[in-house]
Amino acid sequence: MVNSSSCYAHDMSYEDTQRACCFNHQDTVISSGTIAKYFTTFRELLIEALDRLNINGWNMIGGPGRVVQVDEALIGRRK
């Protein structure tokens, strides 16, 4: 069984996370809403950690010889 934090870290989709978090075909499927809540929590924790690093004098992600690409997207439905 894989936990949802490793699925988030490996950029897995909600559907792949649902499949990875089940022991066997008899397990209850985790809802996509639950996975979305976990992924949002992980994202917020990472943002807080990066903010703490910036406060402590770290002003960049990566380092010498490391290229970091950041993409920002908002995906949702209109009411």
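Me: How many helices and strands does the protein have, and in what order do the elements run?
Reply: In this predicted model, the protein has three helices and zero strands. From the N terminus on, the order is α-α-α.

Me: Why is T17 called buried?
Reply: Happy to go through that one. Its relative accessibility is 1%, and buried means under 20%, so T17 counts as buried. The residue is found in helix α2, which spans residues 14-20.

Me: How do you know that the side chain of T17 makes a polar contact with S13?
Reply: The side chain of T17 reaches the backbone oxygen of S13 at 2.8 Å.

Me: What makes C7, A20, I35, F39 and F42 a nonpolar core?
Reply: A nonpolar core takes buried residues of kinds such as Ala, Ile, Phe and Cys, joined through side-chain atoms within 4.5 Å; these five therefore qualify, and they form the largest such core. Helix α3 gives the most to this core, with three residues.

Me: Where is confidence lowest and where is it highest?
Reply: Helix α1 (residues 4-9) is lowest, at a mean of 76, and helix α3 (residues 32-55) is highest, at 84. The protein averages a pLDDT of 76, and 75% of the residues score at least 70.

How values were computed. Residues are numbered from 1 along each chain as its sequence is written. This is a predicted model: local features need pLDDT of at least 70, side-chain atom pairs count only at pLDDT 80 or more; totals for chains, interfaces and linings use all residues. Side-chain values use heavy atoms; hydrogens and water are left out. Helices (H or I, at least four residues) and strands (E, at least two) are DSSP runs, numbered from the N terminus. Buried means under 20% relative accessible area, exposed over 50%, partly exposed in between (1.4 Å probe, protein chains only). A polar contact is a pair of N or O atoms within 3.5 Å; within protein, one must be able to donate a hydrogen and the other to accept it, and residues adjacent in sequence count only if both atoms are side-chain atoms. pLDDT is the predictor's confidence in each residue, from 0 to 100.
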